[in-house]
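This report covers a helix pair, a metal site and several single residues. It is in plain text with one table.

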Amino acid sequence: MLEEKGFRCLFDCGSGVLSALQHKISLHELDAVVVSHYHPDHVADIGCLQHALLIDSHLGKRTATLPIYAHPYDKEQFSRLDYQKVSKGIPLEAEQSLTVGRWVVKTTKTVHPVDCLAVRFDSEKYSITFTADTAWSEDVVRLAQGSDTLVSEASTYDHMIEKIPGHLSGKQAGELAEAAGVNQLVLTHLPQYGDVADLKKEAALAFRGQVRLARAFSEITIEG
Ligand SMILES: [Zn+2]
């Protein structure tokens, strides 16, 4: 989740996110959601979120419709973002630029088995780019160029990258961060096997800036 001047935007909503989010905020305080693509590990909790919002609306805690920005290339999945009056899908196309809360949001298509968008958020003071799910992509390098922070997937270890198509290794995430000239790299979408500390080491060999592993409930403050 990103927060700027009281505006809260969730990026992707996979399994477990709804529970984790409530350790930080009440759900009626969420202002927007941006979704990169419709693989279950990125949208599994959307239905749960919509139902929770419906309950909040019944309780009078929430009156505003939650905008969920996502690409419309999968019409069936996109249509599910509309739920009664509590959430509404807003088309977010590749190479589009639009305003979401405090940010100008820009996108590009990634290299992934299904349509997927990498997303950049620019505020007045800083910029942060999320690779979402992707194999190596010059378009993602271009999108992330000069961002303060790159949140990159690191789905596997470099010696296993051939087995995990459509994703990046820790080393490639570091190379992407270096090519994009960002200040800080946060590795996420970490594998459920191996020692993820090795991903940080791989990335640090390729990237001269700071490398972190994303952890549940951790917070990062970006000074512009
Ligand atoms: Zn995916």
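Helix 6 (residues 170-180) packs against helix 7 (residues 197-206) at an angle of about 35 degrees, and their axes are 7 Å apart. The crossing is right-handed. On the helix 6 side the contact is made by Gly170, Lys171, Gly174, Glu175 and Glu178, and on the helix 7 side by Leu199, Glu202, Ala203 and Ala206. By class, this contact has four charged, three nonpolar and two polar residues.

The model is predicted: local features need pLDDT of at least 70, side-chain atom pairs count only at pLDDT 80 or more, and totals for chains, interfaces and linings use all residues. Residues are numbered from 1 along each chain as its sequence is written, and side-chain values use heavy atoms, with hydrogens and water left out.

Some terms apply throughout. Helices (H or I, at least four residues) and strands (E, at least two) are DSSP runs numbered from the N terminus. Axes are lines fitted to C-alpha atoms, for helices over the stretch in contact, and angles run from 0 to 180 degrees between N-to-C directions. A crossing is right-handed if the near helix is turned clockwise from the far one by less than a right angle. Contact means heavy atoms within 4.5 Å. Ala, Val, Leu, Ile, Met, Phe, Trp, Tyr, Cys and Pro count as nonpolar, Asp, Glu, Lys and Arg as charged, and the others, Gly among them, as polar.

Just after helix 6, Gly181 takes a positive phi of about 70 degrees.

The zinc ion has as protein donors (N, O and S atoms within 2.8 Å of the metal) His37 (NE2), His39 (ND1), His112 (NE2) and Asp133 (OD), lying 2.2 to 2.3 Å from the ion. The sequence spacing of the donor residues is H-x1-H-x72-H-x20-D. His37, in the loop between strand 3 (32-34) and helix 2 (40-43), and Asp133, in the loop between strand 9 (127-130) and helix 5, are 96 residues apart and link distant parts of the chain. Both His37 and Asp133 are buried.

Two residues other than glycine also have positive phi values: Asp12, near 65 degrees, and Gln84, near 40 degrees. Asp12 is in the loop between strand 2 (7-11) and helix 1 (17-21), and Gln84 is in the loop between helix 4 (75-79) and strand 5 (87-91).

| Residue | Relative accessible area | Class |
|---|---|---|
| Asp12 | 8% | buried |
| Gln84 | 59% | exposed |
| Ser79 | 42% | partly exposed |
| Arg212 | 28% | partly exposed |

Ser79 belongs to helix 4. Ser79 and Val182 are 103 residues apart in sequence and 35 Å apart in space, C-alpha to C-alpha. Arg212 lies in strand 12 (residues 210-213). Arg212 and Leu185 are 27 residues apart in sequence, with 6.3 Å between their C-alpha atoms. Not counting residues up to four places away in sequence, Arg212 touches Gln184, Leu185, Val186, Leu187, Glu219 and Ile220.

Terms used: Donors = N, O, S within 2.8 Å, 3.2 Å for Na, K, Ca; no water. Buried < 20%, exposed > 50% of the residue type's maximum accessible area, 1.4 Å probe, protein only.
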